[in-house]
Amino acid sequence: VGRPVGGGEPSQMSTAEAPPEDEKKRAQTRFHRFFAELIVQGGDASKAQQVTVEALKRAQSSTAEPKYFSSQTRLDLVSAVDKAAAEGSPTTVEERDCKALELCGDFFSLCMVFKRSQQAPTAEDPNFDHDAAVRFFGSLSQEAQDSSLEALGTLAESIAEQGCEEMEDPALLRAIFVMLSHPGLGEPGDFEALKKVLQLVARIHKQRAARDVLAKWYAKLTLTELENRVSQVQQFITLALLEAQGEGMTSLDQVMEMARRDGLARSVRNALRMLDVCWGASQIRLERQRDWRHRRKAQLLRQQGQLHEDEAALTLPATQFHNDAVNECGEGILKHDLKEVLEMQYRGLYFATMEEER
């Protein structure tokens, strides 16, 4: 029941009846979300006019509204960011800083920017121009780096709260892949944004199809870039555990308490899931290295006195995935997790369900 601002008797308007302005706004938001989804799945922003009719049709039907998208479809933002990321772009630092903040808070734009061609991504290819992303994020001021990183963390948290079932669609999953390319995630700091992004990755990791697609996409990065991504996660794990150990904890009970405090065990677990995606990418590269066609080509070239250099077949050594900090604290973290699981089971709850709620 509504109540006038100035007091008095409650209005007789039914709660089921919304003001015309609110109804119109909801209809516009619904249209924009369908419109954004169709553009993302088609991959080509230039076909906006063609999908308008289909978006209207879906908006007026009983079809469930798409998740993640905002009430506006920022085609202008996608165009501006790609222009700023182009080699030799004339855009100013102030313009790029402004666009970076908007980009990192908008799911649709993250799905669409830094493309090599106007095609939708596939399970094999994210259609991602890594050099363009480096040029754009690398040209930002430190203030913009920090503010865009904060926006990224807020968006990641929002996506995780809405559920990640739809992330098996490569067109939507691409936004997470672009999100992970932000260089600020690898810089030492309070790691708040990285924790939120890793929490999102951990939710996606539970879906095998989405996890496998991410691994395939990571396998397409250069070996140097893949190594950087692994180092980024390893650095977070090591610094988080070392900081928690700063109080001189030595006993198992103290380590278990450390694991509980501030969700450290959960953050480490999320980071290990990201590390598992990188491991999967490394294994894909290893399989290519072992492929008989690759080996036969290398053999023929050696016979001709040439060296076969296939960057896509180079892989990371297993030692890159070892972490001494985890090994030192592993028993305490493991016992903390086991204690948490047993307590939840005793209360009739399931661990996976509780993780999803958190």
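Seven residues, Phe114, Phe128, Phe136, Phe137, Phe177, Trp217 and Tyr218, come together as one aromatic cluster. Keep in mind that this is a predicted model. Here's a quick look at some of those rings, and then at Arg229, which touches the cluster member Tyr218.

**Aromatic pairs**

- The count of aromatic pairs comes to 12.
- One of them is Phe114 with Phe128, an edge-to-face arrangement with 6.4 Å centre to centre and 75° between the planes.
- Both of these residues sit in the loop between α5 (107–112) and α6 (130–138), so their pairing ties together parts that are 14 residues apart in sequence.
- Phe114 also pairs with Phe136, this time tilted, at 5.9 Å centre to centre and 55° between the planes.

**Burial of the rings**

- Phe114 and Phe128 are both buried.
- For Phe114 the relative accessible area is 1%, and it counts as buried because the cut-off is under 20%.
- Phe136 is buried too, with a relative accessible area of 0%.

**Arg229**

- Look for Arg229 in helix α11, which spans residues 223–244.
- Arg229 has a relative accessible area of 5%, so this arginine is buried.
- Its side chain makes a polar contact with the side chain of Glu225, at 2.7 Å.
- Setting aside neighbours within four places in sequence, Arg229 is in contact with His130, Leu180, Ser181, Tyr218, Leu221 and Cys278.

Terms used: Residues are numbered from 1 along each chain as its sequence is written. This is a predicted model: local features need pLDDT of at least 70, side-chain atom pairs count only at pLDDT 80 or more; totals for chains, interfaces and linings use all residues. Side-chain values use heavy atoms; hydrogens and water are left out. Helices (H or I, at least four residues) and strands (E, at least two) are DSSP runs, numbered from the N terminus. Buried means under 20% relative accessible area, exposed over 50%, partly exposed in between (1.4 Å probe, protein chains only). A polar contact is a pair of N or O atoms within 3.5 Å; within protein, one must be able to donate a hydrogen and the other to accept it, and residues adjacent in sequence count only if both atoms are side-chain atoms. Contact means heavy atoms within 4.5 Å. Rings of Phe, Tyr and Trp (its six-membered ring) pair if their centres lie within 6.5 Å; planes under 30 degrees apart count as stacked, over 60 as edge-to-face and the rest as tilted.
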